[in-house]
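Here are some notes to read beside the structure. Keep the viewer open and find each residue as it comes up.

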Amino acid sequence: MTAEPATQTQVDPPLATAGGKLGFLFPGQGSQKVGMGKSWADAFPAAAAVFAEANDVLRLPLSRLCWEGPAEELQLTANQQPAILTVSVAMLRVLEMHGVQPALVAGHSLGEYSALVAARVLDLADALRLVRRRGELMQEAVPVGEGAMAAVLGLPAEQVAEVAAEVSTPNDVCAVANYNSPEQTVIAGHKTAVERAIPALQARGAKRALLLPVSAPFHSPLMRPALGPVREALSHVTFRTPRMALVPNVSGRVTRETSALR
């Protein structure tokens, strides 16, 4: 989300007719930064319209938060989730305007909501409301400052899981949260436990182990209190048949059944 065009003429129309197929992989939390999307909104009315819709639907100045911060407020998951979704869809609309269409879409965690909008499974307004509520519930599950996540590079996932178990106690949990690749595993849990895990992982031979700029321990057992209310919120939203191949995180396989996507 950092390679932003300065002017409309910098988008290369021949991309739309290039051979082969495109896949769009949308980013999740931790990819935010102050200023994101501003040059797109300045250059392209289609992008500006997405920010305007987000401001209206959520009844908050989301565009100003994306463009001006402060970073600490943008990092709060109730803000970060709709902000990243909005920037992703703003860029998507510009690409679509230039005829660039993906054959397949997917997303990292939160990014799956962007993929659902791209595939016309969800309306943008419904997706914005969902991720805003999702963020509120996830933050309520673990107060700001009590949870953390860390990315671990260059250590097999099974060893990461062993260290997470070793540093955990019944009231101070650390667990594997994401299997991003054979070279990268993410841990999450109580901040104190995650911070204990970092030097232990480095001692095991991890190339890097670093805290992520997020405000809650996503994809960890500490998120369980949010499950019921998120499921309830999803039950009130219309899911349509995707217009293109869509790969959910939970299965890693192309899915076209709306019940599975929900």
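Predicted model: local features only at pLDDT ≥ 70, side-chain atom pairs only at ≥ 80, totals over all residues.

1. **The largest pocket.** Start with the open space. The largest pocket has a volume of about 1300 Å³. Its lining holds 40 residues, and those closest to the centre are H108, S109, R134, H219 and N249. By type, the lining splits into 22 nonpolar, 13 polar and five charged residues.

2. Several elements each supply at least two lining residues, among them helix 6, helix 7 (124-141), strand 3 (147-153) and helix 11 (258-261). Strand 4 and strand 5 also belong to this group. Helix 10 (227-235) is in the group too, and it gives the most, with five residues.

3. **The cavity.** The structure holds one cavity of 30 Å³ or more. The largest cavity has a volume of about 30 Å³. Its lining is made by Y113, L130, R133, R134, L137, V230 and L234. Helix 7 and helix 10 are the elements that give two or more of these residues. Helix 7 has the largest share, with four. Five of the lining residues are nonpolar, none is polar and two are charged. Note R134: this residue lines the cavity and is also among those closest to the centre of the largest pocket.

4. **Helix 6.** Is helix 6 largely enclosed or open? Count its residues: eight of the eight, across 111-118, are buried, so the helix is largely enclosed by the rest of the structure. The buried set includes G111, E112 and Y113. Y113 also lines the largest cavity. Just after the helix, R120 takes a positive phi of about 65°.

5. **T77.** This residue lies in helix 5 (residues 77-97). Why does T77 count as buried? Its relative accessibility is 0%, and the cut-off for buried is under 20%. The T77 side chain makes a polar contact with the side chain of Q29, at 2.9 Å. Leaving aside residues up to four places away in sequence, T77 touches Q29, P82, G135, Q139, S215 and F218.

6. **A strand pair.** Finish with strand 4 (residues 174-181) and strand 5 (residues 184-190). They pair in the antiparallel sense over six bridges. A hairpin of two residues joins strand 4 to strand 5. Across the pair, V176 stands opposite I187 of strand 5. In a regular strand, side chains alternate between the two faces of the sheet.

Note on methods. Residues numbered from 1 in each chain as written. Heavy atoms only, no water. Pairing = 2+ DSSP bridges. Buried < 20%, exposed > 50% of the residue type's maximum accessible area, 1.4 Å probe, protein only. 1 Å grid on protein atoms, 1.4 Å probe; cavity = no way out; pocket = protein on both sides within 12 Å on 5 of 7 lines; lining within 4 Å. Points joined across faces, edges and corners; volume = space filled by probe spheres on them. Nonpolar A, V, L, I, M, F, W, Y, C, P; charged D, E, K, R; others polar. Polar contact = N/O pair within 3.5 Å; in protein donor to acceptor, adjacent residues only side chain to side chain. Contact = heavy atoms within 4.5 Å.
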